[in-house]
Structure formats: C-alpha cells, structure tokens
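I open these notebook entries with the structure itself, and then set down what I looked up in it.

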Amino acid sequence: MRTQVIVLNGGSSSGKSGIARCLQAVLPDPWLVFGTDTLVDAMPASMRAMDGGIEFAPDGEVVVGPAFRALEAAWIEGIAAMARGGARIVVDEVFLGGAASQKRWQQALGGLRVLWVGVRCEGAVAAGREVARGDRTLGMAVSQAEVVHQGVVYDLEIDTTHAESMECARIIAGRAE
C-alpha cells in the first residue's frame, strides 16, 4: 500500500512549509497540504482573545485551551476523512504536546498508511528564519525547536539546518512510495 499521509512535525520556522511545497512538486500524484497555520487562520479572531482558545505569548510560548482543542480534533478528523476518501495529504504540524500530540493524530489516522517525519533545525538557525519571515512572534522557533520532538516516534528524521527544502523533499518522497 502506498503512503496516504505524510506528517511533517517540527518547530516554527524549521522549514516544514517549504518542504511541503517541494513535496507537491516532486511526488508523482497530486497531494494536498494542510498545516496548523491553516487551522489557526481559519479560526475566528475571537479564539485568540478568549480563555480556552489559542494564545501567542510575547516570549513565543503558545498556549491552547479546550475550545481550541475541540476545533483541532474536528480538523484532524476531517483530514483523516479526506485521506480515507482517496486524497493524499501532507500535514505541516507543530506537536506542542510532543508524544500526546502525535497520539491524537495516530488515533485519527488509524488504518491509513502514514509516513511520520521529524523536521529538525538548530534553534539559532530557526530563530534567524523567524526574524527574516517577520510574521512570527520572536522566540517561538527557539522555544519549540526541541519540545515538539519529545517522545515522538518517526519513520524518518531530517535536519534543515544546512539542507535545502528540495533536498529534504526528495529524501521524504523516496520513502513515501
């Protein structure tokens, strides 16, 4: 059975989004890309101002509450349903809860062929990318660089510290067939 879902997990500014776009270019079939940014952008602005939603602290910490988790659970189930319906999907994720976050995805994606990919990047390099992007809370990249990988089990790990997105995508594509 061919891979149906590729889950890219890494901290902010680690290179996941660039790799996801490159995967779409190198994989032989059409693949949809959905990221945690897609979910956050789809939520009403009030979710960022309410208790239980999502908060981006000035130091880069991200705090999520039960209202966010409820919408996230529905989103994860929706992605799983699309994969079961025949869509091939790349998920661009940030496992803020490490192994607990992966477990939520594993439960939803049960029965599907999933390639779990850890996207690592040295904190200082990710922080430089964060500054260059200009759309992130400073400190987020460093605070997430390691915590998102705690207890997570991968089929493949890549390091984008010195590698280009296309090079990483080709390695992942070689494992996704």
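**Cavity.** I began with the residues that line the largest cavity: Gly11, Ser12, Ser14, Val119, Arg120, Cys121, Ala126, Ala141, Ala145 and His149. On a 1 Å grid over the protein atoms alone, a cavity is a set of points where a 1.4 Å probe fits but cannot get out, a pocket is an open set with protein on both sides within 12 Å along at least five of seven lines, and lining residues have an atom within 4 Å of a point. By class, I recorded 5 nonpolar, 4 polar and 1 charged residues in this lining. The classes are nonpolar (Ala, Val, Leu, Ile, Met, Phe, Trp, Tyr, Cys and Pro), charged (Asp, Glu, Lys and Arg) and polar (the others, Gly among them). The space in the largest cavity is about 30 Å³; a volume is the space filled by probe spheres set on the points, with grid points joined across faces, edges and corners. The count of cavities of 30 Å³ or more is 1.

**Basis of the values.** I noted that the model is predicted, that local features need pLDDT of at least 70 and side-chain atom pairs pLDDT 80 or more, and that totals for chains, interfaces and linings use all residues. Residues are numbered from 1 along each chain as its sequence is written, and side-chain values use heavy atoms, with hydrogens and water left out.

I then turned to the largest pocket, whose volume is about 650 Å³. It is lined by 38 residues, of which Ser12, Thr36, Asp37, Val94 and Arg136 are the closest to its centre. Two or more lining residues come from each of helix 1, helix 2 (36-42), strand 3 (54-56), helix 3 (66-84), strand 5 (89-93), helix 4 (99-108), helix 5 (123-133) and helix 6 (140-144). Helices (H or I, at least four residues) and strands (E, at least two) are DSSP runs, numbered from the N terminus. Helix 2 gives the largest share of the lining, 4 residues. I recorded the lining of the largest pocket as 11 nonpolar, 13 polar and 14 charged residues.

**Salt bridges.** How many salt bridges does a search of the whole structure find? I found 8, a salt bridge being a side-chain nitrogen of Lys or Arg within 4 Å of a carboxyl oxygen of Asp or Glu. In one of them, arginine 88 and aspartate 29 meet at 2.5 Å, N to O. Arginine 88 is in the loop between helix 3 and strand 5 and aspartate 29 in the loop between helix 1 and strand 2 (32-35), so the pair ties together parts 59 residues apart in sequence. Arginine 88 counts as buried because its relative accessibility is 11%, and aspartate 29, at 25%, counts as partly exposed. The cut-offs are under 20% relative accessible area for buried, over 50% for exposed and in between for partly exposed (1.4 Å probe, protein chains only).

I next followed arginine 120, which forms a salt bridge with glutamate 146, the closest N and O atoms being 3.3 Å apart. Glutamate 146 lies in the loop between helix 6 and strand 7 (156-159) and arginine 120 in strand 6 (residues 114-120), 26 residues apart. Arginine 120 is partly exposed, at 25% relative accessibility. The side chain of arginine 120 also meets that of glutamate 157 in a salt bridge (2.6 Å, N to O). This pair links strand 6 with strand 7 across 37 residues. Glutamate 157 is partly exposed, at 45% relative accessibility. I also noted one network of salt bridges with shared partners, which joins Arg2, Asp29 and Arg88.

**Threonine 3.** Is threonine 3 buried or exposed? I found threonine 3 buried, with a relative accessible area of 0%, in the segment before strand 1. A polar atom of its side chain lies 2.9 Å from the backbone oxygen of alanine 176. Leaving out residues up to four places away in sequence, threonine 3 touches Trp31, Arg88, Arg113, Leu115, Arg175, Ala176 and Glu177; contact means heavy atoms within 4.5 Å.

I placed leucine 8 in strand 1 (residues 5-9), and leucine 8 counts as buried at 0% relative accessibility. Beyond four places in sequence, its contacts include Lys16, Ile19, Val90, Val119 and Ile172. Serine 13 lies in the loop between strand 1 and helix 1 (16-26) and is buried at 5% relative accessibility. The phi of serine 13 is near 65°, a positive value in a residue other than glycine. Most residues other than glycine have a negative phi.

Note on methods
Polar contact = N/O pair within 3.5 Å; in protein donor to acceptor, adjacent residues only side chain to side chain.
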